[in-house]
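Here is a friendly walk through one protein model, written for someone who likes cut-offs stated next to the values. Have a look at the sequence and the coordinates first.

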Amino acid sequence: MPLRELYRFIDWILALPTELGRSFTEELTQYEEKQRMRYVTSAERFGFERGVQQGMQQGMQQGERTLLRHILVHRFGPLPMWVLEWLEGAEPAELEVWAKAIFEATNLESLLGPTSGLTKQ
C-alpha cells in the first residue's frame, strides 16, 4: 500500500490536532522526497570527493599566486608583464622557491639569480 494511501486511511480514522497534523505532513513530505532521490554510486561519491579536493587545491594555489603577487608589488612596485605571466604558469614548488627568495631580494633582478631557476624574458 503506498504511503499516501496509508496516510489517507489514518487521517480518516484519527483526527490529529492541527499542530501535530502539520508536523506529520512535513515529515511525510520529507520522507517522500528522500524516497525519490536518485541513488549515488560509490564511484560517483569518490569522483565528487576527488573533484572537491582538486577544487580546494586549485583554490589554495590561486590564493598563493595572488598573495605572492601582492607581496611583490608591495616590495618592488608595478610588475612587468613577464613576471605576471610567470606567476600564472608557475608550479606550486616554483612559487614556494620564489616566495622564500623574496625575503633576501632587494629588487626583482636579485630574484633572478642562478639558484632561482628564473630568467628574465
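**Ground rules**

This is a predicted model, in which local features need pLDDT of at least 70 and side-chain atom pairs count only at pLDDT 80 or more, while totals for chains, interfaces and linings use all residues. Residues are numbered from 1 along each chain as its sequence is written, and side-chain values use heavy atoms, with hydrogens and water left out.

**Overall fold**

The protein chain has 5 helices and 0 strands, so reading from the N terminus gives α-α-α-α-α (helices are DSSP runs of H or I with at least four residues, strands are runs of E with at least two, and both are numbered from the N terminus). Of the 121 residues in the chain, 20% are buried (buried means under 20% relative accessible area, exposed over 50%, and partly exposed in between, with a 1.4 Å probe and protein chains only). The chain exposes about 9,800 Å², and carbon and sulfur atoms supply 59% of that area (Shrake-Rupley method with a 1.4 Å probe; for residues, only the protein chains shown count as cover). Among contacts with a separation of 6 or more, 52% join residues 24 or more positions apart (contact means heavy atoms within 4.5 Å).

**A nonpolar patch**

Leu6, Phe9, Ile10, Trp12, Ile13, Leu14, Leu16, Leu20 and Phe24 make a nonpolar surface patch of about 880 Å². The elements giving two or more residues to this patch are α1 (3-13) and α2 (18-36), and α1 gives the most, with 5 residues. Patch members have over 30% relative accessible area and no salt bridge; nonpolar side chains (Val, Leu, Ile, Met, Phe, Trp, Tyr) are joined within 5 Å, and like charges within 9 Å. Phe24 sits in helix α2 and is partly exposed, with a relative accessible area of 33%.

**Two packed helices**

Two packed helices are described by the angle between their axes and the distance between the axes. Helix α4 (residues 81-89) packs against helix α5 (residues 92-101) at an angle of about 130°, with axes 8 Å apart (axes are lines fitted to C-alpha atoms, for helices over the stretch in contact, and angles run from 0 to 180 degrees between N-to-C directions). That makes α4 oblique to α5, because angles under 35 degrees count as roughly parallel, over 145 as roughly antiparallel, 65 to 115 as roughly perpendicular and the rest as oblique. On the α4 side the contact uses Val83, Trp86, Leu87 and Gly89, and on the α5 side Glu94, Leu95 and Trp98.

**Salt bridges**

A search of the whole structure finds 2 salt bridges (a side-chain nitrogen of Lys or Arg within 4 Å of a carboxyl oxygen of Asp or Glu).

| Salt bridge | Closest N and O atoms |
|---|---|
| Arg22 and Glu19 | 3.6 Å |
| Glu96 and Lys100 | 3.1 Å |

Arg22 and Glu19 are 3 residues apart in helix α2, which means they are separated by about one helical turn. Glu19 is exposed, at 57% relative accessibility. Glu96 and Lys100 both lie in helix α5, 4 residues apart, about one turn of the helix. Glu96 is partly exposed at 46% relative accessibility, and Lys100 is exposed at 54%.

**A loop residue**

Tyr39 lies in the loop between α2 and α3 (42-76). Tyr39 is exposed, with a relative accessible area of 59%. Leaving aside residues up to four places away in sequence, Tyr39 touches Glu44 and Arg45.
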